[in-house]
Amino acid sequence: DILWLCGVINFEILNSLRNKNKSIQFVNQFVNENVITMKNFLIETITSVFGNCDWFLNSYNLENQFFEFFGDFMNRYEKQQDTTFIIKPFNLARGIGHTISNNPTQILRLLETESKIAQKYITNPALFDNKKFDLRFIVCLKRIEPFIEAYVYNQFQIRFANKPFSMDHFEDYQKHFTVMTFVPYELRKMNQNEFISNFE
């Protein structure tokens with residue numbers, strides 16, 4: 001039988017399934033995987049393990065850290081530093097529900113819809129042909145106990161924004177996002193060897 005689950009997983013049910021017959025059963029979910037798959041829990045995980053670190057930009061769960069976020073925003077404003085943040089729903093992907101803004105009134109209004117995080121927007125991202133890009137790797141996590149066993153596919157996918165990057169027109173999806181696979185815009189494709197040789 002196949003059990004196809006959508007939405008939030010009840011891990012008590014999942015564990016009971018796992019324990020019935022471990023020799024023939026595979027489950028594509030891990031207990032507490034949401035600590036890395038949901039943005040609000042990922043923030044908590046990183047900050048609890050690493051504290052404030054250079055490689056992780058200021059990030060806030062706006063459900064319970066709104067005042068910390070607003071203090072950071074105002075501190076940046078008073079010091080005439082960049083105040084641009086990207087606002088993301090806890091558990092959506094592909095740019096759905098994402099907003100880039102340096103307007104505190106707009107950010108406050110966004111909280112009326114669903115739970116969100118705020119993360120400092122990268123103002124100087126790595127660019128390829130003056131456009132934003134991301135690299136998608138396929139990782140198979142086979143087990144987490146008694147040790148982590150994972151496999152990484154030796155090919156990766158490159159995704160590009162369609163327009164050159166600049167710190168303006170934050171509503172322009174083709175300039176600030178790289179997920180053209182899921183929207184009716186032109187999709188630029190490039191194999192990884194071509195990308196590597198041109199990026200170096």
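Modeller: Contact means heavy atoms within 4.5 Å. The structure is a predicted model, in which local features need pLDDT of at least 70 and side-chain atom pairs count only at pLDDT 80 or more, while totals for chains, interfaces and linings use all residues. Residues are numbered from 1 along each chain as its sequence is written, and side-chain values use heavy atoms, with hydrogens and water left out.

Biologist: Among contacts in the chain with a separation of 6 or more, what percentage comes from residues 24 or more positions apart?

Modeller: The count takes in contacts with a separation of 6 or more in the chain. Residues 24 or more positions apart supply a share of these contacts that comes to 51%.

Biologist: How many helices and strands does the chain have?

Modeller: Helices (H or I, at least four residues) and strands (E, at least two) are DSSP runs, numbered from the N terminus. From that terminus on, the order of elements is α-α-α-β-α-β-β-α-β-β-β-α-α. The secondary structure therefore comes to 7 helices and 6 strands.

Biologist: What percentage of the residues counts as buried?

Modeller: Buried means under 20% relative accessible area, exposed over 50%, and partly exposed in between (1.4 Å probe, protein chains only). Of the 200 residues of the chain, the buried share is 34%.

Biologist: Which residues does F69 contact, leaving aside neighbours within four places in sequence?

Modeller: F69 is itself a member of the largest nonpolar core. With those neighbours left aside, the residues in contact with F69 are Y60, L62, F85, I107 and A118.

Biologist: Which side chain makes a polar contact with that of Q174?

Modeller: Q174 lies in helix α6 (residues 173-176) and counts as buried, because its relative accessibility is 16%. Leaving out residues up to four places away in sequence, Q174 touches A161, N162, K163, M180 and Y185. A polar contact is a pair of N or O atoms within 3.5 Å; within protein, one must be able to donate a hydrogen and the other to accept it, and residues adjacent in sequence count only if both atoms are side-chain atoms. At 2.8 Å, the partner side chain is that of N162.

Biologist: How many residues apart are D129 and R188, which meet in a salt bridge?

Modeller: A salt bridge is a side-chain nitrogen of Lys or Arg within 4 Å of a carboxyl oxygen of Asp or Glu, and the whole structure holds 9 of them. D129 and R188 form one of these at 2.9 Å, N to O. D129 is in the loop between β4 (116-120) and β5 (133-143), R188 is in the loop between α6 and α7 (192-199), and the pair is 59 residues apart.

Biologist: Is R159 buried or exposed?

Modeller: R159, in strand β6 (residues 149-160), and D134, in strand β5, are 25 residues apart, and their side chains meet in a salt bridge (2.9 Å, N to O). Because its relative accessible area is 8%, R159 is buried.

Conventions
A nonpolar core is a set of buried Ala, Val, Leu, Ile, Met, Phe, Trp, Tyr and Cys residues joined through side-chain atoms within 4.5 Å.
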